[in-house]
Amino acid sequence: MRLLERARKEWFMVGIVVAIGAAKLEPSVGVNGGPLKPEITVSYIAVATIFFNSGLSLKTEELTSALVHLKLHLFIQIFTLAFFPATIWLFLQLLSVTSINEWLLKGLQTVGCMPPPVSSAVILTKAVGGNEAAAIFNSAFGSFLGIVVTPLLLLLFLGSSSSVPFTSIFSQLFMTVVVPLVIGQGSLRVEVASLACFGLLALPAVQGLWGFR
C-alpha cells in the first residue's frame, strides 16, 4: 500500500523510468516518422500542452511578480550558460587523459553548452513545489538566449562553429511556449469572468430562496 502511495506521489519519475524501459524494448516506436510521431507530438504538442496548463494554473500576478526577481534570473542564466559549461570543460580536461573516446567527450561538452530545458524544467519545478512562474520565465528566456549563446560557447570550447536557423528556432519557441502560455492565461481570465457572472446572476435566486425559507 505504501509502495502504491509512493508511486502515485512520484508519478513523474515512475513515468520516466517506464518510458525509458519501453524505449529500450521497442525503440522503433519513438523514432522520427514512427507511430508516435515525436517530431510533432514531442516537439510541438507536448511542450505547448505543458505551457498551456501552466497558463491555466498560474495567476497573472504570479507571472508578473516573477519577472522582477532579477537576481534569481541572473543567477540561473549565469549558472546554466557560463558556470556549468566551464565546469564541464574542466572535468573533461581530466577525462581527456583517459582512454574515453574523443567524440564522446565532445558530445558531453556540447550537451553542457545547451540552454535550460523548456518543458522538463517546468514539470520538475512544479513537482517539487518550487517557483513555477520563475521556472517558466527562465526556461523560455534561456531558450531564446541560447540561440545566440550556445553557438558562441561551442566555438569557445570546441573551436567549431555552425549556422543556426534563428528564424525557425525562434518561431518554434514562440509558438510552443509563449502562445500557449498566453492562451492559457486568457482562458483563465474568461473562466474567472464566467464564474463571476454566474455568481451575480444566481445571487438573486439564492437570496429569494433564503428569504422563502
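Helices here are DSSP runs of at least four residues, numbered from the N terminus. The model is a predicted one.

Start with the overall plan. The protein has nine helices and zero strands. Read along the sequence, the pattern is α-α-α-α-α-α-α-α-α. The protein has 213 residues, and buried residues make up 23% of them. Now take the contacts with a separation of 6 or more. Residues 24 or more positions apart account for 72% of these.

Next, look at a pair of helices. Two packed helices are described by the angle between their axes and the distance between the axes. Helix H5 covers residues 70–95, and helix H8 covers residues 132–158. They pack at an angle of about 35°. Their axes are 10 Å apart. The crossing of H5 past H8 is right-handed. From H5, the residues in this contact include Leu-72, His-73, Ile-76 and Trp-89. From H8, they include Phe-137, Asn-138, Phe-141 and Phe-157. By class, the contact of H5 with H8 has 13 nonpolar residues, four polar ones and no charged ones.

Leave aside the neighbours within four places in sequence. His-73 is then in contact with Ala-66, Leu-67, Phe-137 and Asn-138. Phe-137 and Asn-138 are among the H8 residues that meet H5.

Move on to the nonpolar core. In soluble globular proteins, nonpolar side chains tend to be buried together. In this model, the largest nonpolar core has 15 residues. Those with the most contacts inside this core are Phe-51, Leu-63, Val-118, Ile-136 and Val-177. The elements that give two or more residues to the core are helix H3 (38–57), helix H4 (60–67), H8 and helix H9 (166–212). The largest share, four residues, comes from H8.

Which residues does Val-118 touch, not counting residues up to four places away in sequence? Val-118 touches Val-47, Phe-51, Ser-139, Ser-143, Leu-173 and Val-177. Phe-51 and Val-177 are also among the core residues with the most contacts inside the core.

Ser-139 is one of the partners of Val-118. Ser-139 lies in helix H8. Is Ser-139 buried or exposed? Ser-139 counts as buried because its relative accessibility is 2%. Along the chain, Ser-139 and Val-118 are 21 residues apart. Their C-alpha atoms are separated by 5.0 Å. Setting aside residues up to four places away in sequence, Ser-139 touches Phe-51, Pro-116, Pro-117, Val-118, Ala-121 and Val-122.

Helix H6 comes next. Gln-109 lies in this helix. Its relative accessible area is 1%, so Gln-109 is buried. Not counting residues up to four places away in sequence, Gln-109 touches Pro-85, Ile-88, Trp-89, Leu-92, Phe-157 and Leu-158.

Side chains of opposite charge can pair when their charged atoms come close. The structure holds one salt bridge. The side chains of Lys-106 and Glu-102 meet in it, at 3.3 Å from N to O. Both residues lie in helix H6 (residues 102–112). They are four residues apart, about one turn of the helix.

Finish at a loop. Lys-37 is found in the loop between helix H2 (11–25) and H3. Phi of Lys-37 is near 50°, a positive value in a residue other than glycine. Lys-37 is partly exposed, with a relative accessible area of 38%. Gly-30 has its place in the loop between H2 and H3. With a relative accessible area of 42%, Gly-30 is partly exposed. Gly-30 touches Leu-36 and Pro-38, not counting residues up to four places away in sequence. Gly-30 and Val-42 are twelve residues apart along the chain. Their C-alpha atoms are separated by 10.0 Å.

Notes
Residues are numbered from 1 along each chain as its sequence is written. This is a predicted model: local features need pLDDT of at least 70, side-chain atom pairs count only at pLDDT 80 or more; totals for chains, interfaces and linings use all residues. Side-chain values use heavy atoms; hydrogens and water are left out. Axes are lines fitted to C-alpha atoms, for helices over the stretch in contact, and angles run from 0 to 180 degrees between N-to-C directions. A crossing is left-handed if the near helix is turned anticlockwise from the far one by less than a right angle, and right-handed if clockwise. Contact means heavy atoms within 4.5 Å. Ala, Val, Leu, Ile, Met, Phe, Trp, Tyr, Cys and Pro count as nonpolar, Asp, Glu, Lys and Arg as charged, and the others, Gly among them, as polar. A nonpolar core is a set of buried Ala, Val, Leu, Ile, Met, Phe, Trp, Tyr and Cys residues joined through side-chain atoms within 4.5 Å. Buried means under 20% relative accessible area, exposed over 50%, partly exposed in between (1.4 Å probe, protein chains only). A salt bridge is a side-chain nitrogen of Lys or Arg within 4 Å of a carboxyl oxygen of Asp or Glu.
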